[in-house]
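I opened this entry to record what I looked up in one protein model. My plan was to go from the whole chain down to single residues.

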Amino acid sequence: MKKILPFFSYLFHPVFIPLMATLFYFYYNETLFELKEKGFVLLQITILTVVVPILIYFLLKALNKIDSVMAYDLDQRKIPLVLQSFLFILLVKRSITIDRYFELHFFFLAALMSTLIALLLLFAKIKASIHMLAFSSLTVFVTGLHLHHPNHFPLIVPFLIFMNGVIASSRLVMQAHTPKELIIGFLSGSIPQLLLLVVWL
């Protein structure tokens, strides 16, 4: 198991979570949007939340500002989190607007809140697991979608809850986080989603 678990840290890396959330959003709202529009939105999300962060990572690595894709050091996390905040602001202001993509807009708004919480915690020398932050936010969001659209595959939510445990175990096996950091990450990701869930559910 110790050899298998680290795989999940890469498979469910935080950089992929916004894209996963968007895919779930379109799955639960499959009849509301044309295929062309879905493709355009997914392309925007992929560029802004996957491609751009990866390019920024390589730039920071070339400048010796970061030494690992997991960014274990506290100071190395600050620049990526600041840039991620700006990218989320760009999405909620320009692309994923409240009038067109109602539930997804609140996911990204809560994700922005979680990112800012993680950033503020860094200045207090508190490290939160970004993996748990991201995946717990996805879990709460999909649970809300499932409650809003109950006639879909019923095992999605239990699977995501189970995967929270798998990812937490993965981070422990890799010695990337302590249990306290995992809990802080989980709460930092899930609480903003829960607070905004009340607005859109």
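**Whole chain**

I am working from a predicted model. I began with secondary structure: the protein chain has eight helices and zero strands. Read from the N terminus, the order is α-α-α-α-α-α-α-α. I then checked the radius of gyration, which is 16 Å. The globule rule gives 17 Å for 201 residues, so the chain is as compact as a globular protein of that length. Along the principal axes, I get a C-alpha trace of about 45 × 35 × 30 Å.

Next I looked at burial and contacts. I find that 52% of the 201 residues count as buried. I took contacts between residues at least 6 apart in sequence; 77% of these join residues at least 24 apart.

**Surface and charge**

The protein chain exposes about 10,400 Å², and I note that carbon and sulfur atoms supply 73% of that area. I count 15 positive and 9 negative charges. Their mean positions lie 9 Å apart.

**Helix H8**

I picked out H8, residues 179-200. H8 has 22 residues and spans 32 Å from its first C-alpha to its last, close to the 32 Å expected. I listed its buried residues, among them Leu 182, Gly 185, Ser 188, Gly 189, Pro 192, Leu 196 and Trp 200. Glu 181 and Gln 193 are also on that buried list. As I remind myself, an α-helix has 3.6 residues a turn, so residues three or four places apart point the same way. What covers the buried residues of H8? I find that the cover includes helix H5 (102-123), helix H6 (130-148) and helix H7 (156-173).

**Leu 83**

I placed Leu 83 in helix H4, residues 74-95. Its relative accessibility is 30%, so I log Leu 83 as partly exposed. I also checked Leu 83 against Pro 53, 30 residues away along the chain. Their C-alpha atoms are separated by 8.2 Å.

Most residues other than glycine have a negative phi. I noted two residues with positive values.

Lys 125 is not a glycine, yet its phi is about 65 degrees. I find Lys 125 in the loop between H5 and H6. Is Lys 125 buried or exposed? At 59% relative accessibility, Lys 125 counts as exposed.

Gln 175 has a phi near 55 degrees. I traced Gln 175 to the loop between H7 and H8. Gln 175 is exposed too, with a relative accessible area of 71%.

Definitions and conventions:
Residues are numbered from 1 along each chain as its sequence is written. This is a predicted model: local features need pLDDT of at least 70, side-chain atom pairs count only at pLDDT 80 or more; totals for chains, interfaces and linings use all residues. Side-chain values use heavy atoms; hydrogens and water are left out. Helices (H or I, at least four residues) and strands (E, at least two) are DSSP runs, numbered from the N terminus. The radius of gyration is taken over C-alpha atoms; the globule rule is 2.2 Å times the number of residues to the power 0.38. Buried means under 20% relative accessible area, exposed over 50%, partly exposed in between (1.4 Å probe, protein chains only). Contact means heavy atoms within 4.5 Å. Accessible areas come from the Shrake-Rupley method with a 1.4 Å probe; for residues, only the protein chains shown count as cover. Lys and Arg count as positive and Asp and Glu as negative; His and the chain ends are not counted. The place of a charge is taken as NZ of Lys, CZ of Arg, CG of Asp or CD of Glu. The expected span of a helix is 1.5 Å times one less than its number of residues.
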